[in-house]
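Here's a quick tour for anyone about to work with these coordinates. Have a look at the structure first, then read on.

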Amino acid sequence: MNKRLCYKLIFVNLSLIFFFHSSTAQESPQIVQEYTLEEIITLAKEQSPSSLFAETRKQNRFWAYRSFMSEYRPQLYLSGDFPFYQRSNNPITQPDGSIEFRRVNQNLTSLNLGVRQVIGLTGGSIFIESEMQRFDNFETDQTTYSGNPAVIGFEQQLFGFNPYKWDKEIAPLQYEESLKEYAEDMEELSIQATNLFFDVLLAQINLELAEKNLSSNDTVYQISEGRYNLGKIGENELLRVEFNVMKSRQEVAQARLDLETSTLRLRSFIGLNNTESFVLALPDDIPEFEVNEQTAISEALKNNPNTVEFARQIKEAERDMAEAKGNTGLNASLEATYGLTNRADDFPDIYNNPENQQRLGVSFFIPIVNWGRQKSIVKTQEALLNLTQYQVDQERINFEQEVYTQVKTYQMLRNKVEITEISNDIAARKYEITKQRYLIGKINITDLIISLQEKDQARRDYIQALNDFWTDYYNLRALTLYDFEAGQSLLTPDIMQGYE
C-alpha cells in the first residue's frame, strides 16, 4: 500500500466519522439561547455559589456588628439558684477550735433580677439589682428570708486599659470594611465571569474557524485533485492539501471538546443548572468614556475597603499600645453599691422597714520590681505601631500606583481592541484573496496555509484583546468601586444596608 492510498483511507474514515457525528447531532434540534457578557455577569451575581457565599459572609458580619452594638445598651438579666439543696454531714468549727460534724438538711433558693449598663467612655458599668433569698432548714422546720429589694452599684477600672473605648472606634471600621469588601466581591465575580465567558467565546470562535477551514480545505482539495489529474500540480502538493483536510477535521473535533469543557465550567460558576444550549454574543460594543487618573485615585481612596483597612490597622496598633501602657503600671478598680437590705421570717416582711446597705471597695496592684518588663512591653508596642504606620503608608502608595497603572492599561487596551479589529478584517480579506489566487494557480499551497494561519491568529488576537479589555474594565471597577460610565459609586444603598 503506497503513501497516497494510505492517506485516502484515513481521509474516508474521518469523513464517515464526521458525517455520522453530524447526522446524530441533527436528530434532536434544540432551541439555542444567546447570552451577552452583561447577562452572564448578572446571572453570576444573582445565583452563583460564589455570590451566595459573599452574601452569607456579609450577613454574618452584619449580625456580629449588631451583637457588638448591643453590648452598649442596657442588659436585663435574671440569675439565681433554684433550688440549691444539700443533705450531708458538714464539719462545723466550734468556739474552742475543735470540729464537729453536724447533720445538714437544707435548701437555699436565690433569685437576682438586674439591669446593667456599660459606660463606654470610662470602661465602667452601672447596675441596678433586686435580690431575694429563701433558706429552708428541714431539720428544724424553719424558713427565713433575706433580700436586697433595691441596690444600685458602680464598677470602674481607675487606671487600666479601657477596651470599650477602642472597640467602639474599631468595630464600625470593621463593619464598613466588610460592606465595601462585599461590593468588591461582586466586582471580583464580574472578573471571574468575564474570564469564563471569554473561555467559552474563544472555544466557540475556534469551532467556527475550524468548521469554516474544513469546508474551505474540502473545496481546495476537490479542486487540487482535479488539477493533479490534469498534471498541473505534483503529488506532494496534493498530499499537503489532503493532510490539511485531515488536520482540519481533527481541529473541529478538538474545538468541540474544548467548547463543551469550557461551557461546563461556565455553567458551574454561574449556577446554570438547566441543560439548554446557548451561544455567547461577541461583546464588541466598547464603552466610549474616558477615565481621569486623579478621579480614579480619589474614588478608590474613598470607596475601596483597603482605605478602611489602613485606618483599622492604625487604630488596632494604637489600641495595643494603649493596652500595653494600661496593663503594665498601677492597676486599680473601684466598686461601690448603695441600697436596701432586710431579713424576715415571711417574704412580704422583707419590704417593711428595710435597712440601708452600703459597700465601697478599692483594689489595686502596683508592680515594684519587674526587671524592665514593663518598659520592654511598651517599647515593643511602640516599635510595632511605627512599623504598622510605615507599612500602611507604603501600601497606600502602592495602591494609588496600582490604580494609576490600571487606568493607563485601560486606555491602552481600548486602542489595542481597535487595532486588532482592523487587523482581523485585513487578515480575513487577505485570506480570501490568497485563496482565490491559489485556486487559479497563481500561488502555491504554502502561501495559502500561511494566509490561513494569519487569518485565524488575527481573529483570536481580536477576541483576546476584547478579553483583556473587559477584564481590565471590571478590574478598574473593583479597585475604585466606581462606575465611570454612569458616573456614580458602586456602593449603592442595597449593598450598604443591613438586615433587619
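This is a predicted model: local features need pLDDT of at least 70, side-chain atom pairs count only at pLDDT 80 or more; totals for chains, interfaces and linings use all residues.

What follows covers confidence, strand pairing and nonpolar packing.

Helix H1 (residues 3–25) gets the lowest confidence, a mean of 42, while strand E10 (residues 482–483) gets the highest, at 94.

Over residues 1–28 the pLDDT is below 50, though the stretch still has 28 contacts in the model beyond near neighbours in sequence.

## Strands around E6

Strand E6 (residues 142–157) pairs antiparallel with strand E5 (residues 124–137) over twelve bridges. Here Arg134 has Tyr145 of E6 as its bridge partner. Four residues sit between the two strands of this hairpin, and Asp141 takes a positive phi near 55°.

E6 also pairs with strand E8 (residues 331–344), again in the antiparallel sense, over eleven bridges. Phe154 stands opposite Ala336 in E8.

## Nonpolar packing

The largest nonpolar core counts 75 residues, and those with the most contacts inside it include Ile40, Phe198, Leu266, Leu280 and Trp470. Among the elements that each supply at least two of its residues are helices H2 (37–47), H5 (235–270) and H8 (373–439), plus strand E7 (277–280). H4 gives the largest share, 19 residues.

Another core, of seven residues, lies apart from the largest one; Tyr65, Phe68, Ala171 and Tyr175 are among its members.

Definitions and conventions
Residues are numbered from 1 along each chain as its sequence is written. Side-chain values use heavy atoms; hydrogens and water are left out. Two strands pair if DSSP finds at least two bridges between them. pLDDT is the predictor's confidence in each residue, from 0 to 100. Contact means heavy atoms within 4.5 Å. A nonpolar core is a set of buried Ala, Val, Leu, Ile, Met, Phe, Trp, Tyr and Cys residues joined through side-chain atoms within 4.5 Å. Buried means under 20% relative accessible area, exposed over 50%, partly exposed in between (1.4 Å probe, protein chains only).
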